[in-house]
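Let's walk through a protein model together, one kind of interaction at a time. Keep the structure open beside you as you read.

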Amino acid sequence: MKIGKKGLALLKLWEQAPKGGFASVSYKCSAGKDTIGWGHVIKPTDNIKEPICISQAEELLENDVKLAEEAVNKNVKVTITQNQFDALVCLVFNIGATNFKTSTLLKFINKELWNKIPTQFMRWVYSNKILSKGLENRRKAETILWNDKNE
């Protein structure tokens, strides 16, 4: 599967620059990492010249989303809806593929324990062991998308 329009819109909503929209110049995200575009964490191997234009931000986002899509496609062993896939890609984009692969959330999905999934999304609301209102709001939005039956 690939991320749909709803998922991409949700991702862009939560991966905005500090003043909104995409970030043409780097900034420190809440985890203290240098970030640019739509939530792209700058790696030492990246050759980014600032400021970047929106097409560069979109390209970085596309590449980052592919990694999240691959993690969901590889690890989810049961049939899920497009909205559920999109919600998971948004989550994985934020928490990383390794955290997703070892999560209770994934175990519950693969056991089809559907009623336990929303609670598992809401476990991912901490940054450096401190409750983050932003992450809490993001997880609520992802959970709403997960539960949305309108494809």
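**Rings, core and charges**

Three aromatic pairs turn up here, if rings of Phe, Tyr and Trp (its six-membered ring) are said to pair when their centres lie within 6.5 Å; planes under 30 degrees apart are stacked, over 60 edge-to-face, and the rest tilted. Do keep in mind that this is a predicted model, where local features need pLDDT of at least 70 and side-chain atom pairs count only at pLDDT 80 or more, while totals for chains, interfaces and linings use all residues. Residues are numbered from 1 along each chain as its sequence is written, and side-chain values use heavy atoms, with hydrogens and water left out.

A pair of aromatic rings is described by the distance of the centres and the angle of the planes. Phe22 sits in the loop between helix 1 and strand 1 (23–28), and Trp38 in the loop between strand 2 (34–37) and strand 3 (40–41), so the pair links parts of the chain 16 residues apart. Helices (H or I, at least four residues) and strands (E, at least two) are DSSP runs, numbered from the N terminus. Buried means under 20% relative accessible area, exposed over 50%, and partly exposed in between (1.4 Å probe, protein chains only).

Phe121 and Trp146 make another tilted pair, 5.9 Å from centre to centre with 55° between the planes. Phe121 belongs to helix 6 and Trp146 to helix 7, so the pair ties together parts 25 residues apart in sequence. Phe121 is buried at 0%, and Trp146 is buried at 2%. Ring pairs also join Trp114, Phe121 and Trp146 into a cluster.

Now for the nonpolar core, a set of buried Ala, Val, Leu, Ile, Met, Phe, Trp, Tyr and Cys residues joined through side-chain atoms within 4.5 Å. In soluble globular proteins, nonpolar side chains tend to be buried together. The largest core here has 35 residues, and Val72, Val76, Ile80, Leu88, Phe100 and Ile109 touch the most other members. Helix 3 gives the largest share of this core, nine residues. Beyond its neighbours within four places in sequence, Ile80 is in contact (heavy atoms within 4.5 Å) with residues including Met1, Trp114 and Trp146.

Charged side chains come next. The structure holds eight salt bridges, each a side-chain nitrogen of Lys or Arg within 4 Å of a carboxyl oxygen of Asp or Glu. One of them joins Lys6 and Asp148 at 3.1 Å, N to O. Lys6 is in helix 1 and Asp148 in the segment after helix 7, 142 residues apart. Both ends are partly exposed, Lys6 at 36% and Asp148 at 23%.

Lys133 forms another salt bridge with Glu136, with the closest N and O atoms 3.1 Å apart. These two residues both lie in helix 7, three residues apart, about one turn of the helix. Lys133 is exposed at 51%, but Glu136 is buried at 17%. Finally, salt bridges that share partners join Glu15, Arg138, Arg139 and Glu142 into one network.
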